[in-house]
Amino acid sequence: MNSVVLTRRFYFCAAHYYRVKEWSEEKNREVFGIHSNPSGHGHNFVLDVSVKGEIDPITGMIVNLTDLKRIITPIVERFDHTFLNKDLSYFENMQPTVENLAKLFWDLIEEKLPDGVFLQRIKLKATDKVFAEYYGDNWGIFCKKYRFSAGHRLFSQKLSNGKNREIYGKCNNFHGHGHNYYLTVCYKGDVDEKTGMTIPLSELDRRVKSFLKTLSGKRLDKDIEFFKDKPATSENLISFIREELNKLLGGNVFKLKLTETRNNFFEYLEE
Ligand SMILES: [Zn+2]
Ligand SMILES: [Zn+2]
C-alpha cells in the first residue's frame, strides 16, 4: 500500500458528563473533577477521520471525498446536538470520554468504508487543548496541551564565538531571549473500563505540571543541568522533556509536540 493518508474533518456539538453510577458524589468529584457535574457540560467536537489505501490509477484518488462524506456524515449526525450519556445507548455502560468516543467512531466508520479503503487514525478534539487519537489497536491515546515560558541562548561550547554567531544568528544574543512554549503530551495506555480514561486527567496534569515547573521561568541554558554541555535548541529540549516525562509517566509518552514560535514546532513520535 502507498503511504498517502487522507483526512476529512467533521464537526458535532454535544453535552456529556463523566460519572460512575455506583460511586458516591464525593468519589465522582474526586476522580472526574468538574467533568462530573450531574447537569453535564458541552463541547464543539472536531473529528478528523484519516484513511489510507491504493491510489486508483484512473481517478487518482484513494477514495472520493464526496463518498467519504456521504458515509460518515450520517454517523456523526447521530451524535450532533445530543446529550451523549442520555440520548445514545452506546454510553449506557461506557463513559463518553474522548478515548472511548475515538474508538467508537473507528468501529462505526470502519464497517461502512468501501473495499480497499482503510482507517489510519481517528482524532477527536473536545477543546483546543484536549484530544484523543485511536489507531485501531488495544491502546487509548489521550493528549493535552500545556504552556510554559522560558529563556535561552543558543550557543555551542564546541564552536568559536564567530561560528556561534554565524550558525545561530539572533538566537546567539549574549544576554539571551525567551519564548512562550506550548507542549502537547500524548499519553498511551489501557482505557480503564470504569472511567473510560487512559490516565485520570488530574493525574496527567499533576505530573506534567510538576515537571514544567522545573522549566518555567528559567534560563534553560543556565539553570537546567541537561543543557550544561548541549545547546538549548528545541531539538535538545524536546529530547530532554521526553526523557523526563517518560520517567514520570511510566514510559507511556506516545507523542510530544513542542511549539517554540508561531512559525515552528518540533515533534517526537514513538518509534
Ligand atoms: Zn467534557
Ligand atoms: Zn529562541
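Visitor: What am I looking at?
Guide: This is a predicted model. The protein has 271 residues, and 29% of them count as buried. Its secondary structure is made up of eight helices and nine strands, and the C-alpha trace spans about 65 × 60 × 30 Å along its principal axes.

Visitor: What share of the contacts joins residues at least 24 apart?
Guide: Among contacts between residues at least 6 apart in sequence, that share is 66%.

Visitor: How do you know that the span of helix α8 agrees with its number of residues?
Guide: Helix α8 covers residues 234-248, which is 15 residues. At 1.5 Å a residue they should span 21 Å, and the end C-alpha atoms are 21 Å apart, so the two values agree.

Visitor: Which residues of α8 are buried?
Guide: They are Leu237, Ile238, Ile241 and Leu245. To be called buried, a residue needs 20 or more other C-beta atoms within 10 Å of its own.

Visitor: What makes you say that the buried residues of α8 share a side?
Guide: Leu237, Ile238, Ile241 and Leu245 are the buried ones. They cover an arc of only 90 degrees around the axis, and therefore lie on the same side of α8.

Visitor: What covers those buried residues, and what is on the face turned away?
Guide: The cover includes the strands β7 (177-189), β8 (253-261) and β9 (264-269), along with the helices α6 (201-213) and α7 (220-223). The face turned away from the buried side carries the exposed residues Glu235, Glu243 and Lys247.

Visitor: What comes just after α8?
Guide: Glycine 250 is there, with a positive phi of about 60 degrees. Glycine 251 is found in the loop between α8 and β8.

Visitor: How far is glycine 251 from arginine 29?
Guide: The two are 222 residues apart in sequence and 28 Å apart in space, C-alpha to C-alpha.

Note on methods
Residues numbered from 1 in each chain as written. Chains lettered and ligands numbered in written order. Predicted model: local features only at pLDDT ≥ 70, side-chain atom pairs only at ≥ 80, totals over all residues. Helix = DSSP H or I, 4+ residues; strand = E, 2+ residues; numbered from the N terminus. Expected span 1.5 Å × (residues − 1). Buried ≥ 20, exposed ≤ 12 C-beta atoms within 10 Å, placed from the backbone. Arc of directions from axis to C-beta. Contact = placed C-beta atoms within 7 Å.
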